[in-house]
Amino acid sequence: MAATGERIADLVADGVAEPAWLVRVTDIKQYAYCARVVYYEYCLPGLRPVTFKMTRGIDMQEETERLEKRRSLQEYGVAEGIRHFNVALTSARLQCTAQVDLVVESGEGAARTLLPVDFKLSRHEPGRHFMLQLACYGMMLEEAWGAPAPEGVIYLIPLKRAVRVALDKRLRREAERTVAAIRTLVTREQMPAPTAQRSRCVDCEFRRFCNDTL
Ligand code: SF4
């Protein structure tokens, strides 16, 4: 298989996991947009060019991180806490990998909680796929850092607005099912049907590879 998901060599070496590849949590968004995009990225790596939008997104996130250090945590519903930026996570249970923009750690002992924060370059109300990503971050944090993550935040950079999301059981189960569906898609290496919303194909970077969408 030509999948590009990272090998979990460290976990395998530690006897924590069987040899496998990891789903990137950010692919949940791509999967919701069009499953075929995920197929291209894993099974035919190297097709996607780095676009202006991606580069701009990275610049904006760096600026947000700088401003974040001055912002009150009360916007996230937290009185006091420690900020951890760009937290890399790997989950043997979910078999996925992620980098969380910000984790706010608060409380001590039994009251210690973790809050994943995802910065988004968007003016729109966050879609379900962003919430599913957040649920994955929460579950991965709980597994790696050993404290509950009952909530997460999607921070809309252009609006300077924090949207709080309850990471409830329903959202978590849906997130697990989505990761499993991505894994199945890549493992089978069968190109899925194009998105039913063909208007998405107009500006898609993979359009020239999808001859059946014209
Ligand atoms: S062109 Fe359309 S079907 Fe093909 S990957 Fe893009 S969105 Fe999906």
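Me: What makes β4 and β5 a pair?
Reply: Strand β4 (residues 113–120) and strand β5 (residues 151–156) run parallel and are joined by four bridges. Two strands pair if DSSP finds at least two bridges between them, so these qualify. Strands here are DSSP E runs of at least two residues and helices H or I runs of at least four, numbered from the N terminus. Mind that this is a predicted model: local features need pLDDT of at least 70, side-chain atom pairs count only at pLDDT 80 or more, and totals for chains, interfaces and linings use all residues. Residues are numbered from 1 along each chain as its sequence is written.

Me: How do β5 and β6 pair, and what lies between them?
Reply: β5 pairs with strand β6 (residues 161–166) in the antiparallel sense, over six bridges. G152 sits opposite V165 in β6. The two strands form a hairpin with four residues between them, and K160 in the turn has a positive phi of about 50 degrees.

Me: Why is α3 called oblique to α6?
Reply: Helix α3 (residues 35–43) and helix α6 (residues 169–188) pack at an angle of about 55 degrees, with axes 10 Å apart. That makes α3 oblique to α6, because angles under 35 degrees count as roughly parallel, over 145 as roughly antiparallel, 65 to 115 as roughly perpendicular and the rest as oblique. Axes are lines fitted to C-alpha atoms, for helices over the stretch in contact, and angles run from 0 to 180 degrees between N-to-C directions.
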